[in-house]
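Student: Please take one part of this structure and look at it closely. I want the helix packing, with every cut-off spelled out.

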Amino acid sequence: MSAPILLQVNGETHAFALPRETPLIYVLRNDLGLNGPKFGCGLGECGACTVLMDGRATRSCVTTLGTAEGRAVTTLEGLATQGTLHPVQAAFIAEQAAQCGYCLNGMIMTTVAFLARNPSPTEAEARAALRYNLCRCGTHVEILRAVMRAATGFTESVEVQP
Ligand code: FES
Ligand code: FES
């Protein structure tokens with residue numbers, strides 16, 4: 001029998017006796033009960049399943065357990081520290097940037113990775129960073145406002161072009 005696959009998620013290491021090809025999102029949701037990442041298209045196209053892998057926004061529906069082995073995986077549940085929301089989460093709440101909320105995991109995780117590499121983006125850069133995250137409810141203006149609010153230090157609402 002092969003050795004278990006070790007997966008580091010939100011700072012904790014877990015061992016799985018599962019096929020290496022198992023989609024990461026199945027392991028996160030079904031085995032670890034982490035329901036932040038959402039199953040949308042299952043094809044790597046919508047972004048709902050996004051997690052951070054070594055700090056990079058990664059689509060967990062098309063990432064295998066074997067690929068994630070040895071990498072630091074962070075889910076939405078891992079963003080808050082000691083009960084305090086991550087500034088990006090707080091900005092999304094402040095802007096009420098949601099309708100059904102299904103896309104929000106991906107929007108937030110992608111924004112966290114984006115602002116880590118570009119803390120002071122222009123609105124155009126923020127739009128470009130989120131262009132492959134789909135929102136079927138059309139909440140894009142509020143989402144963009146939340147991204148810019150988080151980027152400006154979470155002080156006040158930022159007007160963006162519709
Ligand atoms: S569910 Fe993974 S990109 Fe759509
Ligand atoms: S808020 Fe419903 S998909 Fe974005």
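Tutor: α3 passes α6 in a right-handed crossing. Helices here are DSSP runs of H or I with at least four residues, strands are runs of E with at least two, and both are numbered from the N terminus.

One caution on provenance. This is a predicted model, in which local features need pLDDT of at least 70, side-chain atom pairs count only at pLDDT 80 or more, and totals for chains, interfaces and linings use all residues. Residues are numbered from 1 along each chain as its sequence is written, and chains are lettered from A and ligands numbered from 1 in the order in which they are written.

Now the geometry. Two packed helices are described by the angle between their axes and the distance between the axes. Axes are lines fitted to C-alpha atoms, for helices over the stretch in contact, with angles from 0 to 180 degrees between N-to-C directions. The axes of α3 and α6 come within 8 Å, and they cross at roughly 135 degrees. That makes α3 oblique to α6. The classes are roughly parallel under 35 degrees, roughly antiparallel over 145, roughly perpendicular from 65 to 115, and oblique for the rest.

Who touches whom? Pro 87, Val 88, Ala 91, Phe 92 and Ala 94 of α3 contact Ala 146, Arg 149 and Ala 150 of α6. By class, the residues of this contact are seven nonpolar, no polar and one charged. Contact means that C-beta atoms, placed from the backbone, lie within 7 Å. Nonpolar covers Ala, Val, Leu, Ile, Met, Phe, Trp, Tyr, Cys and Pro; charged covers Asp, Glu, Lys and Arg; the others, Gly among them, are polar.

Next, α3 against α4. Their axes come within 9 Å and cross at roughly 130 degrees. α3 and α4 are therefore oblique to each other. This crossing is right-handed. On the α3 side, Val 88, Gln 89 and Phe 92 take part; on the α4 side, Leu 104, Ile 108, Thr 111, Val 112 and Leu 115. The residues divide into six nonpolar, two polar and no charged.

The crossing of α4 and α6 is right-handed. Met 107, Thr 111 and Leu 115 of α4 meet Ile 143, Val 147, Ala 150 and Ala 151 of α6. That contact has six nonpolar residues, one polar and no charged.

How enclosed are these helices? A residue is buried with 20 or more other C-beta atoms within 10 Å of its own, exposed with 12 or fewer, and partly exposed in between. In α4, 11 of the 14 residues are buried, so the rest of the structure largely encloses this helix. Among the buried ones are Met 107, Ile 108, Thr 111 and Val 112. The cover over the buried residues of α4 includes β3, β4, α3, α5 (123–129) and α6 (140–151). In α6, nine of the 12 residues are buried, so α6 too is largely enclosed. They include Ala 146, Val 147, Arg 149 and Ala 150. Cover for the buried residues of α6 includes α3, α4 and α5.

The helix spans also check out. The expected span is 1.5 Å times one less than the number of residues. For the 14 residues of α4 that gives 20 Å, and its end C-alpha atoms are 20 Å apart, which agrees. α6, with 12 residues, reaches 16 Å from first C-alpha to last, close to the 16 Å expected. Just after α6, Gly 153 takes a positive phi of about 90 degrees.

Leu 85 lies between β5 (72–74) and α3. With 13 other C-beta atoms within 10 Å, Leu 85 is partly exposed. Leu 85 touches Ala 80 and Ala 90, not counting residues up to four places away in sequence. Gln 96 sits in the loop between α3 (87–94) and α4 (104–117). Gln 96 has 11 C-beta neighbours inside 10 Å, so it counts as exposed.

How values were computed: Contact = placed C-beta atoms within 7 Å. Left-handed = near helix turned anticlockwise from the far one by under 90°.
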